[in-house]
Amino acid sequence: MRQLMTGNEAVARGAYEAGLTFASAYPGTPSTEILENIVQYKEDIYCEWAPNEKVALEAAIGASIAGARSMAAMKHVGVNVAADPLFTFAYTGVTGGFVLVSADDPGMHSSQNEQDNRNYATAARVLMLEPSNSQEAKDFMKLGLELSEQFDTPVMLRMTTRICHSKSLVELADRVEKTLVPYEKKINKYVATPANGKVMRRKLIDRLKAMEEYSNTAAINAAEYNGTKIGVISSGVAYQYAREVFGEDASYLKLGMTFPMPMEAIREFASKVEKLYVIEEMDPYIENHLKMAGIECIGKEIIPEMDELNTDIVRKAVFGISTETVTAEKEAVVRPPTLCAGCPHRGFFYSLRKKRDIIITGDIGCYTLGSAAPLSAMDTCICMGGSISAGHGAAQALKKNGSDLKVVAVIGDSTFFHTGINSLMDVVYNKSNCVSVILDNRITGMTGHQENPGTGFTLMGDPATEVDIPMLCKAIGVKGDNIYIVNPLDLKETDAALTDALSKDEPTVIIAKWPCILKKFSDKDKEEFDLSRKWCEIDQEKCRKCKACVKTGCPAIFSGAQITIDKEACTGCSVCRQVCPFDAIQEVK
Amino acid sequence: MSEVKNILLVGVGGQGTILASKILSEGLSQAGYDVKMSEIHGMSQRGGNVSTQIRFGEKVYSPIVGKGEADVIVAFEKMEALRWIEYLKKDGRMVINDFEIPSVPIQQGIAKYPEGILDELVHKARISVFKAGDIAAELGNSKTMNIVLLGALIKAMDIPGIDWEEVIRANVKKGFEEINIKAFRAGAEQV
């Protein structure tokens, strides 16, 4: 049976067909839907959201050591978080087959950088496969688990946004159960002390040789010979662009396995064509391998090394041809993403932006949109969990150098669980006066509402113990009086907490607690919060068009000849009512 | 590559472009075409623009459509038609829903919704314009606007031999089959 599937669906299907029984991940675009699809196989595969990518990878390593086929999935920057266990796992090798899915985001559709994770395979010395469509995403997932067991190595399945999120046809197969490898104590294999590590290191060198031998003869690295004038080496989605642009006359070496590189196969291919192109997205990864081996090729001198490629870019770079386009003189106005109408973050950022002499360190999530005008209430966004630690460092440096500026760090609930907790320990342990704000909207928002350790449910839908954030902060050492729990949609309450916290010269935490307006509310949410349907209306006779409400940046408010509120879009959060100086906005139930 | 056809569905988050493109790609793959469909996830739910790209033919390589390559573009929103026009082939067709969704800078009075979009575009390409939302509302369910537009798109694509109504039946919510088929037919009458 053939089915249209995204690459992410296909990876999930491949894991299922290959008899995998353990999957762990932290959500992140473009990788999120892999685990969201695996959960449909929960009868056969145990799957979970881990608090962060390092935990996800370590959990999957444990499952492999226990003898099960396992996987971890994450976005490219997640692999940075998980890099520590990855490098040593390459030394120890596996028991049950293991695949790490790295979903890179060329063009930064939804990421803070566009690092090329193929470099990780070389650095950590793990076998790497690169699918170029959904069928391959499924096939390579299965092959990856087999190769992992064959060569005793973790395998990286390197995807990119266009592979993850494009649909193409996939042939389905049945699941083949894989029985657990019986447990044997292998201290020399799995205890990476320096003494054992040295032995493992040597084995890794031998393993690399065996893997390269395989790479040279692997069916997924086979050449397609057509004409001899032009040869193209490519991998991943870039192959699809190249194949379309160069057409039927060129010859191709499509690499499905890009670490270890099949250098002999490449040398043979290069010898059979007059002109050799390497077409790849982002870094000159393949190209550098060729150049180090003294194989001449044309690559990054014509192909951009940033952003996504497409057929236009490749055609123009190689043949100098641009497709004729239809152009218009008028320009479309940008449509930037914005905090939703009713978003609890809006109330908080509105209050925060009025505070003077502060630096606001931000983090990664929907609330990063608080940096956009008209709120403009965020000064930094570096990485997951970076807000509180950067805030701590800034606060200490300011104090040391006699500055009066204070620091407010802003982080979401899921991001706090991810890596923010350690940062708060730094604040308390090393005594800074950074105000740490946890925007607890009761869900992982940006990636589309995944459960997390604070929501009370697991990925598989079972009830779970919730992390008690105030208790946790107390346990870390924040004084009870310095923990404020506020409704961020109540501007007075939020402002009072901020004022008080900023006046203190010790660690403080504000927990701004209100559920994401797009969330499917749990019974507990309905009990705890007033979520009844309300909306706000503007009394046009009282309105003086001062635009105070417009400055909240709410997408339900329209500023034209009159200021109006779209009743359909409004959720009655009442932030606009609270900011109106003329009492012109009423709440309607 | 001349036999590969390129379709773009562009709009704003929440307009139902995803369901329309799902029906389209299911129908095409059932008819035996190689199909690739690409969409960008991420921030669309928060007011951003959304685009779905569908390519089909005997053999499709690239999952995305380049500038000047789209045979048909369906704009679910008028300003999105303007944004994506340069993706249209010189002799391509465009279906435009005469419907405005201002973006946040426009709502806040910082920018103006461009005037005279249709007047300009009508001279640039073969364009069909109608109010799909009104048609859907007259049929009794304004949420079927996306299927009205799908009807127009499929008529404009002119591919024989696919029972689209059957594909719609299989892909819409139970109990909503007939209203969607009505919407589909009404859309087809617009081009």
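Reader: To start, how many salt bridges does a search of the whole structure find over all chains? From there, please take a close look at the part where chain B and chain A meet.

Author: Happy to! Please keep in mind that this is a predicted model. Over all chains, the search of the whole structure comes to 47 salt bridges. One of them joins D495(A) and K355(A), whose side chains meet with N and O 2.9 Å apart. This pair ties together distant parts of the chain, 140 residues apart: D495(A) belongs to helix α18 (residues 491–503) of chain A, while K355(A) sits in the loop between α14 (344–353) and β14 (358–362) of chain A.

Now to the interface you asked about. On the chain B side, 58 residues are in contact with 55 residues of chain A. Together the two chains bury about 5000 Å² between them, and carbon and sulfur atoms give 57% of that area. Polar links are there too: 22 residue pairs are in polar contact between chain B and chain A, counting pairs with both residues at pLDDT 80 or more. Several elements of chain B each bring at least two residues to the side that touches chain A: α1 (17–30), β2 (34–39), β3 (49–57), α2 (78–84), β5 (88–97), α3 (104–107) and α4 (117–121). The largest share, six residues, comes from β2(B). Sorted by class, that side of chain B has 23 nonpolar, 17 polar and 18 charged residues.

Charged groups also meet across the boundary, where the rule finds six salt bridges between chain B and chain A. For an example, find E324(A) and K90(B): they form a salt bridge in which the closest N and O atoms are 3.8 Å apart.

The side chain of N310(A) reaches the backbone nitrogen of D312(A) at 3.0 Å. Setting aside neighbours within four places in sequence, N310(A) is in contact with Y241(A) and I64(B), one residue from each chain. The loop between α12 and α13 of chain A also holds D307(A), a residue other than glycine whose phi is positive, near 70°. For background, most residues other than glycine have a negative phi, and most peptide bonds are trans.

On the subject of peptide bonds, chain A has cis examples to visit. The bond from T29(A) to P30(A) is cis, with omega near 5°, and P30(A) lies in the loop between β2 (22–25) and α2 (33–38) of chain A. F259(A) and P260(A) are likewise joined by a cis peptide bond, with omega about -10°; P260(A) is in the loop between β12 (257–259) and α11 (263–271) of chain A.

Finally, let's step back to chain A as a whole. Its domain assignment gives domain 1 (2–217), domain 2 (221–319), domain 3 (344–528) and domain 4 (535–588). Between domain 2 and domain 4 of chain A, the C-alpha centres lie 57 Å apart. Chain A also contains an open sheet of six strands with parallel pairing, in the order β15-β14-β16-β17-β19-β18. At its edges stand β15 (380–381) and β18 (483–486), each with a single partner strand, so one side of each has no neighbour in the sheet. Within this sheet, β17 (residues 435–440) and β19 (residues 508–513) of chain A pair in the parallel sense over six bridges, and V437(A) stands opposite I510(A) in β19(A).

Methods:
Residues numbered from 1 in each chain as written. Chains lettered and ligands numbered in written order. Heavy atoms only, no water. Contact = heavy atoms within 4.5 Å. Buried area = accessible area lost by both parts, 1.4 Å probe. Salt bridge = Lys/Arg side-chain N within 4 Å of Asp/Glu carboxyl O. Polar contact = N/O pair within 3.5 Å; in protein donor to acceptor, adjacent residues only side chain to side chain. Helix = DSSP H or I, 4+ residues; strand = E, 2+ residues; numbered from the N terminus. Nonpolar A, V, L, I, M, F, W, Y, C, P; charged D, E, K, R; others polar. Domains from an automatic or database assignment. Pairing = 2+ DSSP bridges.
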